[in-house]
Amino acid sequence: SFTDKYLNFNYLNSYLSFIKKYAICSIVILIISFILGIMYSGDISYLMNMIMADMADSMEIFGIAGFIDIFTHNLQSDLIMIFGGVLFSIISIFGMFINGAMLGYVATITPIFDFLLLIIPHGIFEIPSWILSLSAAFMITTLIIRLLSSLVSDEKTIKDEINDSKDLIEAIIVSIVLVVILLLIAGFIENFITGALYQFIMSII
């Protein structure tokens, strides 16, 4: 059954092992972009402020509407990253660079304690969603390359390649489902908990 196959530690372990190389590449790109965002914060301030101004509109909506707005905004961003894999992940890598650079930029303009309080609660779910999104993009690119290779191959047909790539296709689908789950949790925390937690901690220190 579905629960027997997917909702257990053995499957989770095999899934993580399967996506490991894609995830490592994604994490490296995120770290590089984060560092560049810190190093060149002055040069990218205009672009980052434009992006943050757009995000600030979502922050001004409260309650369930605010949660839905944050979730849909983040989901749209991650889906663009994921399906950018069809275009050989160029858009996807650029999307991760924007996310990482923005995180680095915010770290330079916000006191470290405030930064941690305002980012960590929902960031521990949202940042992994970025990593899984770029990993899924890389897997889609891998699948596209395999399918294109089968078009010019005498040994394999597209149908053969699809059958041989079932594990890859499954990992892509699982990654997308996990991204949605992570963003639902992150959106809930960002909208209902992060601000209140920050206000509470700041009031007692």
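This is a predicted model: local features need pLDDT of at least 70, side-chain atom pairs count only at pLDDT 80 or more; totals for chains, interfaces and linings use all residues.

**Helix packing, pair by pair**

Colleague: Which helix is Ile44 found in?

Modeller: Ile44 sits in helix α3, which covers residues 41-59. Helices here are DSSP runs of H or I with at least four residues, strands are E runs of at least two, and numbering starts at the N terminus.

Colleague: Thanks! What is Ile44 in contact with, leaving aside neighbours within four places in sequence?

Modeller: Beyond those neighbours, Ile44 touches Gly37, Ala101 and Tyr105; contact means heavy atoms within 4.5 Å. Leu168, in turn, is 124 residues from Ile44 in sequence and 37 Å from it in space, C-alpha to C-alpha.

Colleague: At what angle do α2 and α5 cross?

Modeller: Helix α2 (residues 9-39) and helix α5 (residues 90-109) cross at roughly 45°, and their axes come within 7 Å. That makes α2 oblique to α5. Axes are lines fitted to C-alpha atoms, for helices over the stretch in contact, with angles from 0 to 180 degrees between N-to-C directions. Under 35 degrees counts as roughly parallel, over 145 as roughly antiparallel, 65 to 115 as roughly perpendicular, and the rest as oblique.

Colleague: Is that crossing left-handed or right-handed?

Modeller: The crossing of α2 and α5 is right-handed, meaning the near helix is turned clockwise from the far one by less than a right angle.

Colleague: And which residues make the contact?

Modeller: From α2 there are Ser26, Ile29, Leu30, Ile32, Ser33, Phe34, Leu36, Gly37 and Ile38. The α5 side brings Ile93, Met96, Phe97, Gly100, Ala101, Leu103, Gly104, Tyr105, Ala107 and Thr108. By class, this contact has 13 nonpolar, 6 polar and no charged residues. Ala, Val, Leu, Ile, Met, Phe, Trp, Tyr, Cys and Pro count as nonpolar, Asp, Glu, Lys and Arg as charged, and the others, Gly among them, as polar.

Colleague: How do α2 and α6 cross?

Modeller: The axes of α2 and helix α6 (residues 112-151) come within 8 Å and cross at roughly 110°. These two helices are therefore roughly perpendicular to each other. Residues in the contact include Tyr15, Phe18, Ile19 and Tyr22 of α2, and Trp130, Leu134, Phe138 and Met139 of α6. The class count is 16 nonpolar, 3 polar and no charged residues.

Colleague: What about α4 and α6, at what angle do those cross?

Modeller: Helix α4 (residues 63-83) crosses α6 at roughly 25°, with the axes coming within 7 Å. That angle is why α4 and α6 are roughly parallel to each other. The crossing of α4 past α6 is right-handed.

Colleague: Which residues meet there?

Modeller: Asn74, Asp78, Met81, Ile82 and Phe83 of α4 meet Glu126, Ser129, Trp130, Ser133, Leu134, Ala136, Ala137 and Ile140 of α6. By class, that contact has 8 nonpolar, 3 polar and 2 charged residues.

Colleague: Last one: where is Ile201 found?

Modeller: Ile201 is part of helix α8. Apart from neighbours within four places in sequence, Ile201 is in contact with Phe113 and Leu117. Leu117 lies 84 residues away from Ile201 along the chain, with 8.8 Å between the C-alpha atoms.

Conventions: Residues are numbered from 1 along each chain as its sequence is written. Side-chain values use heavy atoms; hydrogens and water are left out.
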